[in-house]
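Me: I should like to learn how to read a protein model. Please take the features one at a time, with the general idea before the case.

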Amino acid sequence: MSETLSAQCCVVGGGPAGLMAGFLLARAGVDVIVLEKHADFLRDFRGDTIHPSTLRLMEELGLLDDFLRLPHHKAYALSAWIGERQYKVADFSSLPGKCNFIAFMPQWDFLDFIAEHARALPNFRLLMKTEAEKLLFDGDRVRGLSATGPDGELTIEARLVIAADGRGSHMRDDAKLPVEDFGAPMDVLWFKLPRKESDPDESFGRVAPGRMLAMIDRGTYWQCGCVIPKGGAQELREKGIGAFRESIARLTPFLADRVDALKDWSDVSLLTVQVNRLKTWSRPGLLCIGDAAHAMSPVGGVGVNLAIQDPVAAANLLGAKLRGDALTDADVALVQRRREFPTRVTQAIQLFIQNRVVRGVLSADRPFEAPLVLRLFDAMPLLRRLPARLIGLGVRPEHIELNRDASSA
């Protein structure tokens with residue numbers, strides 16, 4: 001038999017956007033159910049960069065000190081190596097306030113932290129091992145969804161369903177919301193390599209003709225992202241893991257003595273890069289946020305932090321209306337009106353870098369000079385504040401304003 005639950009809001013997806021939406025709405029007094037299909041949050045190679053914009057939200061929630069007790073590595077600057085030359089790109093220490101760094105933290109620790117604080121609220125329910133199956137409609141209006149949990153089938157009735165189930169969102173597809181795809185010239189192969197005390201003490205990128213490698217300092221290991229031409233993973237696999245190890249060693253010589261840690265292709269995960277955006281983020285009874293509304297390029301590592309901005313806006317705009325059962329479709333549409341401009345600007349920057357820089361590097365077959373803008377950032381420290389602000393804070397960052405009047409948006 002199917003069990004029926006009800007809530008004012010049901011959030012699909014226990015990633016950063018979904019858990020933050022559930023936490024912030026519950027904190028605003030809304031009765032919330034969050035569904036997460038896995039039994040835990042332990043996933044390798046998910047976005048682990050917590051930028052100053054998210055750290056400031058933790059500060060506004062009064063949680064920053066507790067948050068920073070979790071294991072993390074601080075990065076106050078980012079740089080890029082082209083050939084044998086290092087170029088300094090962004091200086092986060094120039095940002096005002098004490099949240100002037102990027103915190104590299106495993107995403108599962110971040111999600112466990114948010115879930116722990118959300119569970120302390122009496123009107124928050126997190127259902128693990130529970131997968132949303134399909135939306136339920138009353139005419140054109142979404143009235144809830146069906147799901148499968150550990151004990152069988154569930155029917156969840158909700159005034160609002162928030163789809164935060166990622167770039168492959170089933171809820172978005174079920175709602176038949178059209179997606180605009182902008183394409184990407186690359187994919188990314190993620191893997192881990194041991195780190196030594198004598199290694200460089202900051203995260204950075206390595207660039208050479210036909211190759212790009214991002215390296216994130218995890219303390220005891222490097223999390224590496226090898227940028228490859230779109231659809232090129234199969235060709236690399238056919239050449240063998242040995243050839244891949246050799247290419248990493250040539251690009252980053254100090255890793256040559258440890259690339260054997262990659263035993264086979266099971267040690268390498270493929271991220272298929274997408275850049276897209278919904279034309280309409282909502283329909284009656286449904287709102288899409290995070291990657292379900294706008295899949296971001298890995299350029300700048302801003303995806304998780306941009307996704308977290310959506311639930312902040314949703315809680316600010318919709319919390320009081322949901323709590324008072326006074327929510328209208330026009331209220332829900334305000335979230336897209338609020339968040340679409342920052343999303344469009346961020347994606348435009350990413351697409352420019354993808355098409356003008358990444359595509360050129362991946363197709364190059366001979367050494368090249370660093371782009372002028374990179375040379376300017378390196379030569380003029382004041383200019384490094386611009387990428388620091390764009391990467392660290394983003395365009396029009398949100399703030400916790402749970403009592404805000406939605407009509408003022």
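Me: How many disulfides does a search of the whole structure find?

Reply: A disulfide is a pair of cysteine sulfur atoms within 2.5 Å. In this predicted model, where local features need pLDDT of at least 70 and side-chain atom pairs count only at pLDDT 80 or more, while totals for chains, interfaces and linings use all residues, the search finds zero disulfides. Residues are numbered from 1 along each chain as its sequence is written, and side-chain values use heavy atoms, with hydrogens and water left out.

Me: Is Cys-224 buried or exposed?

Reply: Buried means under 20% relative accessible area, exposed over 50%, and partly exposed in between, with a 1.4 Å probe and protein chains only. Cys-224 is buried, at 0% relative accessibility. Cys-99 is also buried, with a relative accessible area of 2%.

Me: What is the mean pLDDT of the protein chain?

Reply: pLDDT is the predictor's confidence in each residue, from 0 to 100. The chain has a mean of 92, and 96% of its residues reach 70 or more. Over residues 403-409, however, the pLDDT is below 50. Where pLDDT is low, the predicted coordinates should not be read in detail.

Me: Where is confidence lowest, and where is it highest?

Reply: Strands are DSSP runs (E, at least two residues), numbered from the N terminus. Confidence is lowest in strand β14 (residues 204-208), at a mean of 85, and highest in strand β20 (residues 286-288), at 98.

Technical notes
Helix = DSSP H or I, 4+ residues; strand = E, 2+ residues; numbered from the N terminus. Contact = heavy atoms within 4.5 Å.
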